[in-house]
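Hello,

Here is the structure we spoke about. Please look through the sequence and the coordinates, then read the notes below.

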Amino acid sequence: MLCILNNPLEQFEIIKLLGIDAPLLPLIELPLTNLGLYLLIVLGVVISGLVISFIPARIGRDNSWLVTLESIYGFLVNLVDSQVAIAGHIYIPAIIALFSFILLCNLFGLIPYSYTVTAQFALTLGLSFTVLLGVTILGLQRHGVHFFSILVPAGTPLVLVPLLVVIEAISYLARAISLGVRLSANMISGHVLLKIISTFSWQFITGSILGVILGFLPVLFLTALYALELGVAILQAYVFVLLTASYLNDVLSLH
Amino acid sequence: MVPSNNQHTDPKQKAHSIIDSLPGNSLLTKTGYITVGTGLVALTISKELYVFNEETVVLLAFIGLIIPLYRVLRKPFNEWFEEQQKRVNSVLDQAQEDHKTAVKDRINNIGQVGDIVDITKALFEMSKETAKLDAEAFELKQKATVAAEIKAVLDSWVRYEASLREREQKDLANYVIERVMTQLRDEKTQQEILNQSIQDVERIVNSKTA
């Protein structure tokens, strides 16, 4: 039996689809990769999804899409309310944008033959560093120099302060990495597992007559795995914004 | 379970429903569509436009997840949506009712103060009268004050006059007494009085003896 096992990480490769050659600026290239294409698709879906929800004349009465969006909005408002103690409402648009973007990227990645944008560390780390940088700037803007009291937990003995400042600074900065890596790692592991199982299933199905007859069994297993991945895709988007809201609360209220 | 039993009992109807679900108006166009569709699928596979590989299994699993998920979630979603719709409708209706009630209340309030002009006029008259009465009362009060003042002044005058007269009488009496005393102390007067008294006594004695 011929056994060809493709590298399961191949699916995350960034491929250049279109590129603009710039001979005058040889170091600058403007390529459209599969990553960029899917980001554009997600952007288009987010915007058109919002636009479509406002099309029916009687808003909120017969529009199931708008009602769904409203309930997602309400869910996120509750999340921000429960997480951010002080003046969290003005950050709700940012939280909603993050949630809808990550959720749609995750869900698009689940469609067969598509590409998972959020499995790229470059993208998720970019997002998480942006979030941390943003909340740090907010904290500095709001509290000035007092912002650095976030590095000293209340009631620390004076002797331990230098040590704790170092530890807290590392843990604060590590949030940026953990936030992004959590999302990407979950996406990568799920898709790799799907790829491996599907490859084995394909070989089982095409390998023998028995495989053709019992081929539905691995497909069923894969379906169950798919359901799990769907849950993970939604959960990871939720976890990302939950932690963002929690970091926001930390810098706004300084513990 | 009941619909599937029905479908099994009536295969002709089931077949018709499948045929009806195909695009086209007549049986001929439907057949045409099926032929063209099958041909296209065969062509894409034979020309390797579509390749069967492990991704096909993923596709099958995906479809296997999406279709049951859609079937399972459709009913709860619709129920949830209807509930939300009812909630939104009730909120809107309630708001409309509240608005109507508020407008009615306002109308009633305005209706109650419809004769506001007459009331205002009456109030104005009443206030005018009150002002007039106030002025009269003030005038009377002033008069009473003036009368009291005059009475006080006159009383004090009378008291002064009385005391003055009393002092004058006292002075006069003192003067008379002083004068008499002075005359009595004078020897000449005393002699005169004595002589007069002796004469009176002699006259009395003479008259007695006579």
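Where chain B meets chain A, 24 residues of chain B are in contact with 25 residues of chain A. Please keep in mind that this is a predicted model.

The size of an interface is often given as the accessible area lost when the parts come together. Here chain B and chain A bury about 2,200 Å² between them, and carbon and sulfur atoms account for 72% of that area. On the chain B side, Glu54(B), Val57(B) and Leu65(B) lose the most area to chain A. Together these residues make up 26% of what that side buries.

Some charged and polar pairing is also found. There are 2 salt bridges between chain B and chain A. The side chains of Glu55(B) and Lys195(A) form a salt bridge, with 3.5 Å from N to O. Sorted by class, the side of chain B that touches chain A has 15 nonpolar, 6 polar and 3 charged residues.

Now to chain A by itself. Chain A contains 7 helices and 2 strands. In what order do the elements of chain A run from the N terminus on? The order is β-β-α-α-α-α-α-α-α.

Chain A has 255 residues, of which 40% are buried. Take the contacts in chain A between residues at least 6 apart in sequence: 70% of them join residues at least 24 apart.

Regards

Key. Residues numbered from 1 in each chain as written. Chains lettered and ligands numbered in written order. Predicted model: local features only at pLDDT ≥ 70, side-chain atom pairs only at ≥ 80, totals over all residues. Heavy atoms only, no water. Contact = heavy atoms within 4.5 Å. Buried area = accessible area lost by both parts, 1.4 Å probe. Salt bridge = Lys/Arg side-chain N within 4 Å of Asp/Glu carboxyl O. Nonpolar A, V, L, I, M, F, W, Y, C, P; charged D, E, K, R; others polar. Helix = DSSP H or I, 4+ residues; strand = E, 2+ residues; numbered from the N terminus. Buried < 20%, exposed > 50% of the residue type's maximum accessible area, 1.4 Å probe, protein only.
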